[in-house]
2 protein chains.
Amino acid sequence: MKINKELLKGSTQIMLLSLLSRGDMYGYQMIQELKLISGNVFELKEGTIYPLLHALEGDGAVASYWKDTSEGRRRKYYRLTDAGRMMLKDRRSEWTDYVAAVNKVIGGEEI
Amino acid sequence: MKINKELLKGSTQIMLLSLLSRGDMYGYQMIQELKLISGNVFELKEGTIYPLLHALEGDGAVASYWKDTSEGRRRKYYRLTDAGRMMLKDRRSEWTDYVAAVNKVIGGEEI
DNA sequence: CTATATACATAGGATAACTATGTATTTAGG
DNA sequence: CCTAAATACATAGTTATCCTATGTATATAG
């Protein structure tokens with residue numbers, strides 16, 4: 001059994017991969033989407049998300065490409081690769097196991 | 001809204017507090033209980049749990065007392081204080097919000 | 001025309017949990 | 001009998017994650 005211990009430290013990776021599974025996005029956009037979808041619970045900083053995306057790209061989970069907007073602004077879009085899709089599937093089951101385990105521990109006492 | 005960002009990094013504190021809400025326990029025992037209840041998902045190390053218990057005691061969330069067993073072994077028991085009980089209540093609602101937020105993000109895509 | 005929002009990037013710092021190591025006692029196995 | 005493993009505590013040092021701070025550059029609002 002035994003889940004990845006890194007999961008304990010954070011769940012940002014699985015959320016980024018999930019966002020990209022809905023469609024290609026750029027970093028700044030992902031920060032806003034995360035904030036919106038989570039109802040202001042997650043407000044990732046740029047200093048958090050960009051290095052994370054670079055790491056995911058280094059692992060081959062995502063691929064990036066530049067795109068220019070009509071206003072002259074450049075954006076770096078990220079796309080989920082097949083490897084990333086597999087990674088997401090694994091992380092998802094880890095997440096489920098993890099939450100179930102915590103709930104077993106914290107639910108079942110009389111406060 | 002916005003939950004405690006430290007929650008992202010781990011949920012050990014809430015689990016230790018929850019264990020103690022069931023009754024007084026000593027550190028080594030809590031490691032075993034956590035492993036048992038979680039179905040081998042959590043196998044906290046001594047290097048993790050002892051400093052954590054010391055920190056919780058420093059915060060006034062738990063109180064400790066030594067007890068000798070009949071075999072001559074000494075054990076340091078921890079008891080949840082009223083402050084700890086309040087802390088547990090807060091952490092519990094944070095945990096619920098946190099899980100709900102992650103699920104909103106990761107559930108709702110087509111893989 | 002200046003402040004804010006957008007959009008990228010990285011160096012350095014804080015913190016949580018782990019590894020490694022130490023002490024001491026009890027129990028199980030060869 | 002004696003050594004290994006389990007019990008029970010403790011802490012120093014390492015690693016990894018996320019944040020803060022800072023930088024560049026363009027577009028938009030007041």
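**Protein surfaces near the DNA strands**

The surface near DNA strand C is made up of five nonpolar, ten polar and eleven charged residues, where Ala, Val, Leu, Ile, Met, Phe, Trp, Tyr, Cys and Pro count as nonpolar, Asp, Glu, Lys and Arg as charged, and the others, Gly among them, as polar. A residue is near a strand if one of its heavy atoms lies within 4 Å of it. This is a predicted model, in which local features need pLDDT of at least 70 and side-chain atom pairs count only at pLDDT 80 or more, while totals for chains, interfaces and linings use all residues. Residues are numbered from 1 along each chain as its sequence is written, chains are lettered from A and ligands numbered from 1 in the order in which they are written, and side-chain values use heavy atoms, with hydrogens and water left out.

**DNA strand C**
- Around DNA strand C there are 26 residues, of which E46(A), R73(A), R75(A), T48(B) and E71(B) are the closest.
- Of the atoms of DNA strand C that come within 4 Å of the protein, 71% belong to sugar and phosphate.

**DNA strand D**
- The surface near DNA strand D holds five nonpolar, ten polar and ten charged residues.
- An N or O atom in the side chain of E46(B) lies 2.6 Å from a base nitrogen of DNA strand D, whereas a backbone N or O atom of Y28(B) lies 2.7 Å from a phosphate oxygen.

Key
Polar contact = N/O pair within 3.5 Å; in protein donor to acceptor, adjacent residues only side chain to side chain.
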